[in-house]
Amino acid sequence: MQTALEIRQLCKAYSGTFAVRDLSFQIEGGEIFGLLGPNGAGKSTTINMIGGVTRPDSGSILVFGHDNQSDYRTTRRQVGVMHQEVVIDNFFTIDQTLRFHAGYYGVADDPAWRQRLIERLGLGPHLHKVMIKLSGGTKRRFMIAKAMIHKPRLLILDEPTAGVDVELRHTLWEFVRELNREGTTILLTTHYLEEAEQMCNRIAIMNHGELLALEPTASLVERLGSRQVQIRLAVRLTELPAELACHEAHLSDDGLLLRLTLPASQPLGELLELCRFLGLAIDDLSTDTAGLEEIFLQLTGNPAKESLR
Ligand code: ADP
């Protein structure tokens with residue numbers, strides 16, 4: 001499939017400080033691609049440059065092969081952006097906005113498509129309400145409909161589920177998957193790392209405007225994710241053997257439960273051999289693979305829950 005987005009050596013600085021620095025990556029057509037990073041990493045600046053709202057200082061952005069600066073008319077039609085902050089005109093109804101919004105991109109209104117968006121996003125009961133009367137959740141659903149009304153081939157979702165309840169999150173992701181199955185390429189940011197892990201084929205992690213990692217989600221988790229190992233001992237241990245210090249070992253007060261961290265690159269067998277060598281009597285053992293949360297912390301030094309927004 002054609003490359004949906006190609007970013008080459010993109011730079012943007014504000015008052016001499018880089019918000020995005022020498023950023024290059026590519027998204028293939030049909031992907032669901034996650035762009036993650038702590039607050040201030042440069043995600044929104046990147047998205048705003050792709051959407052043509054912010055002008056890069058240098059570098060280029062190609063959308064389905066078209067340069068988004070020299071060929072802006074073509075690229076703006078191919079990109080739909082759902083921005084993080086709710087940008088709406090309070091005095092129009094949902095129906096009015098959706099009817100006229102496609103024209104803004106030079107695309108004719110398609111009533112069947114408009115109707116499908118209204119139905120799939122549960123906007124029917126709210127069609128004739130003015131924006132100011134809508135609840136937060138309805139505004140979010142409307143924002144997706146608005147971003148999709150001109151049938152863009154690349155849909156960009158900046159924190160689509162921030163502050164949205166679990167049920168609506170589920171509905172939104174289900175719809176995003178449906179659009180993706182039908183051929184829409186998705187670029188998303190989210191601070192729910194488990195959602196990124198479930199949704200995205202590939203994940204890029206940014207910090208200080210630069211790329212720290214870009215890999216298929218599974219291999220990122222596999223490569224960087226360490227495992228937590230819990231060992232229940234048959235015989236009480238009075239103190240931690242020094243040989244386990246490198247595994248960030250922790251012994252429970254009753255001396256019967258040992259918690260260890262095993263780097264992804266180290267086989268469990270090696271740890272078991274070490275335990276045998278130390279004469280530990282193992283009664284039971286369980287492992288838990290660290291997810292994106294742990295990886296994010298390793299790469300950025302920030303706990304995700306505090307630093308993402
Ligand atoms: P993220 O979306 O990852 O939280 P942003 O792209 O919003 O990060 O911000 C990256 C950096 O650029 C931050 O340090 C932010 O303060 C700065 N920045 C973003 N937009 C502006 C702007 N319009 N004026 C000045 N500084 C900005």
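Which helix gives the largest share of the shell around the ligand? That share, 3 residues, comes from helix α1 (residues 43-50), where helices are DSSP runs of H or I with at least four residues, strands are runs of E with at least two, and both are numbered from the N terminus. The model is predicted, so that local features need pLDDT of at least 70 and side-chain atom pairs count only at pLDDT 80 or more, while totals for chains, interfaces and linings use all residues. Residues are numbered from 1 along each chain as its sequence is written, and side-chain values use heavy atoms, with hydrogens and water left out.

**Ligand surroundings**

- The ligand is surrounded by 11 residues, with G40, G42, K43, S44 and T45 the closest; a residue is near the ligand if one of its heavy atoms lies within 4 Å of it.
- By type, the shell holds 4 nonpolar, 5 polar and 2 charged residues (Ala, Val, Leu, Ile, Met, Phe, Trp, Tyr, Cys and Pro count as nonpolar, Asp, Glu, Lys and Arg as charged, and the others, Gly among them, as polar).
- Oxygen atoms of the ligand lie 2.8 Å from a polar backbone atom of S44, 3.1 Å from a polar backbone atom of A41, and 3.3 Å from a polar side-chain atom of N39.
- Of the 550 Å² that the ligand exposes when taken alone, the protein buries 59% (areas by the Shrake-Rupley method with a 1.4 Å probe).

**Helix packing**

- Helix α5 (residues 136-148) and helix α6 (residues 166-181) have axes that come within 11 Å and cross at roughly 10°, the axes being lines fitted to C-alpha atoms over the stretch in contact and the angles running from 0 to 180 degrees between N-to-C directions.
- The two helices α5 and α6 are therefore roughly parallel to each other, a term for angles under 35 degrees.
- G137, R141, I144 and M148 of α5 meet L168, L172, F175 and L179 of α6, contact meaning heavy atoms within 4.5 Å, and these residues divide into 6 nonpolar, 1 polar and 1 charged.
- Helix α4 (residues 111-120) packs with α6 at an angle of about 145°, their axes 11 Å apart, through W113, R116, L117 and R120 of α4 and T171, E174, F175, E178 and L179 of α6.

**R202**

- R202 lies in strand β9 (residues 202-207), and its side chain makes a polar contact with the side chain of E31 at 2.6 Å (a pair of N or O atoms within 3.5 Å, of which, within protein, one must be able to donate a hydrogen and the other to accept it).

Notes
Parallel < 35°, antiparallel > 145°, perpendicular 65-115°, else oblique.
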